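I set out to record what I looked up in one structure. The entries follow the order in which I worked.

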Amino acid sequence: MSAGSSSLMWFRKGLRIHDNPALEHASKGSNFLYPVFVIDPHYMKPDPTAPSPGSFKAGLNRIRFLLQSLVDLDSNLKKLGSRLLVLKGDPSEVIIRCLKEWDVKRLCFEYDTEPYYQALDAKVKGFASTAGIEVFSPVSHTLFNPAEIIQKNGGRPPLSYQSFLKLAGEPSWISSPLSMTISSLPPFGNVMNCEISEVPTVEELGYEEAQQDEISPFRGGESEALKRLRQSIENKEWVANFEKPKGDPSAFLKPATTVLSPYLKFGCLSSRYFYTCLQDVHKNVKRHTLPPVSLAGQLLWRDFFYTVAFGTPKFDQMRGNKICKQIPWNDDDDELLAAWREGRTGYPWIDAIMIQLRKWGWMHHLARHCVACFLTRGDLFVHWEKGRDVFERLLIDSDWAINNGNWLWLSCSSFFYQYNRIYSPISFGKKYDPNGDYIRYFLPVLKDMPKEYIYEPWTAPLSIQNTAKCIIGRDYPKPVVYHDSASKECKRKMAEAYALNKKLTGLVSEDDLINLRRKLEEDQKPEVKNKRQRKLMG
DNA sequence: CGAAGGTTGACTCG
DNA sequence: CGAGTCAACCTTCG
């Protein structure tokens with residue numbers, strides 16, 4: 001590269017210094033390095049019509065987490081003699097303008113498999129190739145390169161975890177040490193006419209600061225991620241014996257998992273570094289758990305979903321998605337959806353989880369299972385895409401591939417098909433937390449309800465409700481559906497839908513679904529139908 | 001074609 | 001608290 005040459009490091013995910021091949025490449029042999037982050041209005045512009053504070057795409061907690069991550073990245077770049085240059089606007093337009101304005105010879109950014117970035121990156125790469133700019137876009141967000149795994153499998157993504165593991169084998173980089181530090185970075189040059197700012201605050205983006213109890217306790221950034229990682233792997237026994245399904249979803253003061261997911265989502269933590277740390281622990285203990293339940297197994301699940309998502313057109317919708325069962329979800333479900341989203345279904349276990357989601361932007365994996373099952377195939381029969389949208393906005397760790405993959409899973413639309421296994425909104429939580437402490441914390445209106453009734457407060461005698469200062473139907477809602485009858489109905493609908501999918505070998509049209517919906521409605525026993533209507537009216 | 005296996009269901013029984 | 005039962009799905013593999 002010639003003297004006086006400039007490189008541009010475009011940060012999107014991968015908000016870290018450690019194990020960042022794009023940043024490393026950008027810093028080598030360049031006289032000037034411009035580290036850039038673009039504030040994308042598509043993700044960041046306030047949306048006053050959204051059901052909770054935030055943008056159309058992201059709740060305020062995740063926006064705050066991202067900004068904290070950027071502040072930390074800026075400070076880590078400053079220690080290396082550089083800084084983060086923040087720009088605003090449509091990312092492809094902004095980046096192309098910067099490339100021209102700064103006479104950049106080399107553009108570096110982490111490869112991204114999401115459709116949004118695929119389209120965005122195609123535009124930028126297109127410009128770069130006509131302008132003769134070198135582009136370096138390494139795969140470093142995941143353990144494996146999804147494209148390679150799909151290629152190994154004859155062009156189709158593996159559809160089971162076990163077949164994924166077989167194809168994946170050992171990561172290619174495992175034998176060579178990861179680059180964990182950078183000693184210094186070239187300075188950035190003249191920014192010319194490009195408008196550069198510091199990392200904005202939420203107020204500067206046009207948001208009002210939330211109430212204290214609505215702010216996620218998890219703070220963004222690489223420094224926080226590495227601290228949290230160290231704390232998590234300190235206890236070698238805990239790491240070695242980790243079994244995901246045995247975790248307690250009601251533990252909230254000290255969560256049963258690492259809560260490293262939001263840091264992996266934004267790339268504040270390298271999944272590859274996390275993986276090598278886990279390998280080190282495993283080497284030093286007598287025995288340890290294995291995938292799928294081990295901690296390393298969780299990282300492999302992440303790669304599994306990235307791979308399937310990358311190789312499946314229309315992965316994030318039912319229609320036109322080849323691996324998704326076509327199911328006649330309710331289409332008149334706005335009330336039920338709103339009750340679920342706002343934590344007023346009348347089932348305290350479900351509602352407490354939804355309040356934790358809104359306030360913290362995070363809840364335990366099994367808690368996510370409970371509410372996702374309840375919304376879709378378990379009780380309300382609402383379309384998984386609607387639940388997916390709520391999670392996508394509110395989770396601080398919401399990740400396109402993993403979120404969609406898990407909604408496909410939980411709704412029995414793909415990957416998992418045992419629709420008879422339904423989580424009980426009453427007994428599932430009770431077996432972990434018989435006293436209901438989790439419910440009392442997130443639903444203070446129920447804090448004085450005796451533990452005999454806290455999972456089913458509508459069964460409490462009026463005198464008990466009075467003493468607990470919580471009248472059901474006034475202070476806390478009656479259940480929106482009866483779980484026993486609703487879940488039976490759901491099973492019946494799932495069986496019919498599965499039969500139709502089998503008969504038509506997956507080629508179910510919109511009309512087929514309309515017909516099935518009509519048939520299901522007609523077949524519904526009159527007394528069940530009446531009960532449901534009374535429920536909706538009352 | 002049949003058998004086996006699938007990250008994490010609920011319930012009852014001993 | 002572990003095993004068996006319930007009712008039974010799918011995909012994968014031989």
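Which residues surround DNA strand C? I found K166, Y417, Q418, Y419, N420, Y498 and K502 around DNA strand C, where a residue is near a strand if one of its heavy atoms lies within 4 Å of it. Sugar and phosphate make up 89% of the atoms of DNA strand C that come within 4 Å of the protein. I sorted the residues of this surface into three nonpolar, two polar and two charged. In this scheme Ala, Val, Leu, Ile, Met, Phe, Trp, Tyr, Cys and Pro count as nonpolar, Asp, Glu, Lys and Arg as charged, and the others, Gly among them, as polar.

I noted that this is a predicted model, in which local features need pLDDT of at least 70 and side-chain atom pairs pLDDT 80 or more, while totals for chains, interfaces and linings use all residues. Residues are numbered from 1 along each chain as its sequence is written, chains are lettered from A and ligands numbered from 1 in the order written, and side-chain values use heavy atoms, without hydrogens and water.

**Entry on the sheet**

I next examined an open sheet of five strands in the order β3-β2-β1-β4-β5, with parallel pairing. Strands are DSSP runs of E with at least two residues, and helices are runs of H or I with at least four, numbered from the N terminus. Two strands pair if DSSP finds at least two bridges between them. The edge strands, β3 (85-88) and β5 (134-136), each pair on one side only. Strand β1 (residues 6-11) is joined to β4 (residues 104-108) by four bridges, and L8 stands opposite L107 in β4.

**Entry on helices**

How do I describe two packed helices? I use the angle between their axes and the distance between the axes. Axes are lines fitted to C-alpha atoms, for helices over the stretch in contact, and angles run from 0 to 180 degrees between N-to-C directions.

I found that the axes of α16 (residues 384-394) and α17 (residues 400-410) come within 10 Å and cross at roughly 145 degrees. Contact means heavy atoms within 4.5 Å; W384, G387, R388, F391 and E392 in α16 meet W400, N403, N404, W407 and L408 in α17. These residues divide into five nonpolar, three polar and two charged.

Helix α13 (residues 334-341) packs against α16 at about 30 degrees, with the axes 11 Å apart. I therefore recorded α13 and α16 as roughly parallel, a term for angles under 35 degrees. D334, L337, W340 and R341 in α13 meet K386, G387, V390 and F391 in α16.

Note on methods:
Parallel < 35°, antiparallel > 145°, perpendicular 65-115°, else oblique.
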